[in-house]
Amino acid sequence: MSEPALLDAPRWVLNLKVTTAEQTHALGAALAGVLRAGDLLVLTGELGAGKTTFTQGLGEGLGVREGIISPTFVLVRIHPNLPDGPNPGGPDLVHVDAYRLGSASEIDDIDLENTLDSSVTVVEWGRGRVEHLSDSRLEVELHRSLGGSSPASGTPGSGSPGVLDFDVEDDDEPRTIIIRGFGPRWADQPVLDPAVEGTS
């Protein structure tokens, strides 16, 4: 195997099954417990897979300001840590939607470097666009068991039909969530709440 391929291989892979939006939210909150400033997460998954639900759980676990929604129309939303919240002094959450960005250079144009070291940065649709920002990252891939809207059939903001995230009708539809750790920061697989890992 060539050296570049070795460098880009995940250190570990965690496969989980969740059956409700609450479990997806809880997984995000549990993962927040092992995150620190400077961590980069790359979220992928079809529309309706639960990316925003997962990020809401992450934000709750980090103790940041509520109101996490998909940042589709503004590209970047910053959710500051709450001094009177459950994790005072913790990192802010920077939530990015890279769906409309075509390259790594367009990512560079939004200056994530300015907040990367002091925040937890979550980039939806970031695969192939943000790997150069850090030597370590977590990739979180969410899949709907029954299949969801693909970008072609349900582009955010296009007016096309498609579920943007967990919907009342698919709240209990099973999902598979795959977490991969890359780089020295994630040399060891984190230990999550046993109740959350028990969903696998």
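The model is predicted, so local features need pLDDT of at least 70 and side-chain atom pairs count only at pLDDT 80 or more, while totals for chains, interfaces and linings use all residues. Residues are numbered from 1 along each chain as its sequence is written, and side-chain values use heavy atoms, leaving out hydrogens and water.

Let's start with strand β4, residues 92-97; strands here are DSSP runs of E with at least two residues, helices are runs of H or I with at least four, and both are numbered from the N terminus. Strands pair if DSSP finds at least two bridges between them. β4 pairs with β3 (76-79) in the antiparallel sense over four bridges, and Arg-77 has His-95 of β4 as its bridge partner. β4 and β5 run parallel, joined by six bridges; there, Leu-93 is partnered with Val-120 of β5.

Most residues other than glycine have a negative phi. Trp-125 is buried, with a relative accessible area of 13%.

Asp-111 also has a positive phi, near 55°. Asp-111 sits in the loop between α4 (104-109) and α5 (113-116), and is partly exposed at 43% relative accessible area. Asp-109, in helix α4, is exposed at 61%.

Technical notes
Buried means under 20% relative accessible area, exposed over 50%, partly exposed in between (1.4 Å probe, protein chains only).
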